[in-house]
Amino acid sequence: MKTEEKNNIPAADGFNIQNENARKRKIFLKALKYIVCIIVSVIMLFPMYWMLTTSFKTPMNVAKFPPQWWPNPWTLANYTEIFYKHPFSKYLWNSLYIAALVTLGVVVFSSLAGYAFAKIKFKGNNVLFMIILCGMMMPIEVTIIPIYIALSGMQLADRHIGLIICPIFGYCGAFGTFLMRQFFMTVPDELIQSAKIDGATQPKIFVHIILPMAVSSIATLIIFTFLQSWNDYLLPLVLLSSSDKYTLPIGLSLLSNEDGMKWELVMAAATFSTLPILVVFYLCQNKFMASLSMSGLKG
Amino acid sequence: MTGNNGNKTSLLKNHRNIEYLDAKWGYAFIMPMLIGFIIITIAPVIATFAFSFTDRSLMKVHANFTGLQNYKQLIGDKVFRNTMLQTLEFTVLLIPSNLILTLALAVLLKEKFKGCGFFRTAVFTPVVTSVVVWGVLWRYIFQTENGLINTILKMFNVQGPQWLMNIRLAIPIAVFVTLIKGLGMNMIIFIGAMLDVPQDYYEAASLDGATKWQQFLYITLPCITPSIFLVVIMTTIGSLKVFGQVKNLSNGGPGTSSYVMVFYIYQLAFKNYDFGYASAVSVMLFLMIVLLTIIQWKLRKNWVYYED
């Protein structure tokens, strides 16, 4: 009844037309938004698609004109070749265990240090923390020459030890200490105080009370560190010289610079070294995005 | 009475004991990180400075102190000058395009709508891939013969340029590849900042008849300046340190036309084994990064004040 009445008033007609226009405008804007989003996504994802499909093509079809958008026939020959003729499974193992050890080291040492800096009073607390904070801005690019000289002097350059130790006590560790301290500052003092009154010592407090609270921050740190080590390039490039020591990025980079290199093979290697990380990323993408952008917000 | 008193003093003593023990544990907790850090990070920085005053190389184990010789050589070094210019070109091209695109993407994807999760993930995917994979992949796409781009151009009967073999194009391509890789990260930072802007500012503005564009210009932008500033500094530091992309795309070439700072350091130190001179270039890089970081901290303090 009421709407009918409203429609009978002339002024409401104008209102309706306006409304109609606004609605059309809204639909148009929404469509535009989707179109832009789709174009952007294609630019972002198409290279990945191209990498993936090329890795399943036969050599004949890689250089075809017009390009073959979908592999036909499919072949796994490229993958068998990177496993049997090139030690990519070895590279995978190297990358995996190095990243795991770096992550473990960073989590242990920086949560210990972060907790002490945040919640334990001792002389020099602030000054020592500032020293570590400064370390966040000292990139490996600046320290790499002495590190290389020292490690090769000890015959340790062509080993994995450098790749494990340097991130733990360098950029990753400094960021981790900063991140964990930030989190532990938010833990209420009363909690620690009451545990102390109950007679708990600091290690006990740390293990039983503090660590369980920090699960989310630790997850952030794990994602950041693992990815950093997995994708590390300059350090292994400089340090490693024998091919059975290579990590995935070095193996891939080398394969792509070989004489008479085959692109379908390189793309298979690239897919192989990206896929593990991408799968984990797609499984917990929100945590990934939050963690990595947080690492950007350091300092 | 006395018992009570005695209890009190023993409690106090106990308390002091706990404090003392606490401090001991504090040092114990930070020791591994601190010692490792001094050996692995602080000492090498000092060593780099020290090497930069010597003629140390792979051949010369007993290096001579040469004073400012390396730095004098830097001034006359044409390759170094070009390296600096190319690094500058890289930075100048990357920062504005990165800023505009990431702000636009953040505006586009900040509100939840159907499929926005997918689009965000799509934009973020290159962030997760390694620079090596990303660089090699784009080298494949930008190939002159049979590269995807030139093949598509050929389908329209256009002869594509020699992308990575072109002196003028090598750096812009590296910028483009880096740009696409980094968009997702900055976008997420901006989305976070934009969602923190109080909603009632927008409501008040739209009551006053402000358009969306005006709202963006006069509300969103001023409110997120700290994040914008942060992103600019971060991206600048990142572009001073760019290496993996250049190494895997054009390998510094053609000639030295895509040499950037870290690439030059790498060439000097690990191809020519001229550690002394390479250290001098490292010191330059270090000073620039320190300067930028100090600016960031200083201005950030101002902005914290401004936020209050």
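Before anything on domains, I remind myself that their bounds come from an automatic or database domain assignment. I also keep in mind that this is a predicted model.

**Domains of chain A.** I looked up the assignment and found domain 1 at 2-54 and domain 2 at 87-296. Next I took the centres of domain 1 of chain A and domain 2 of chain A over C-alpha atoms, and they are separated by 45 Å.

**Where the chains touch.** How many residues does each chain bring to the contact? I noted 76 residues from chain A and 71 residues from chain B. On the side of chain A that touches chain B, helix α2 (residues 10-54) of chain A gives the most, with 12 residues. I then sorted that side of chain A by class and got 55 nonpolar, 17 polar and 4 charged residues.

**A helix pair in chain A.** I turned to helix α9 (residues 171-185) and helix α12 (residues 215-230), both of chain A, whose axes come within 10 Å and cross at roughly 170 degrees. Angles over 145 degrees count as roughly antiparallel, so that is what α9(A) is to α12(A). I logged the crossing of the two as right-handed.

Which residues make this contact? From α9(A) I listed A:C172, A:G176, A:L179, A:M180 and A:F183, and from α12(A) A:S217, A:T220, A:L221, A:T225 and A:Q228. By class, the contact of α9(A) with α12(A) comes out as 5 nonpolar and 5 polar residues, with no charged ones.

Conventions: Residues numbered from 1 in each chain as written. Chains lettered and ligands numbered in written order. Predicted model: local features only at pLDDT ≥ 70, side-chain atom pairs only at ≥ 80, totals over all residues. Axes fitted to C-alpha atoms, helices over the stretch in contact; angles between N-to-C directions. Helix = DSSP H or I, 4+ residues; strand = E, 2+ residues; numbered from the N terminus. Parallel < 35°, antiparallel > 145°, perpendicular 65-115°, else oblique. Left-handed = near helix turned anticlockwise from the far one by under 90°. Contact = placed C-beta atoms within 7 Å. Nonpolar A, V, L, I, M, F, W, Y, C, P; charged D, E, K, R; others polar.
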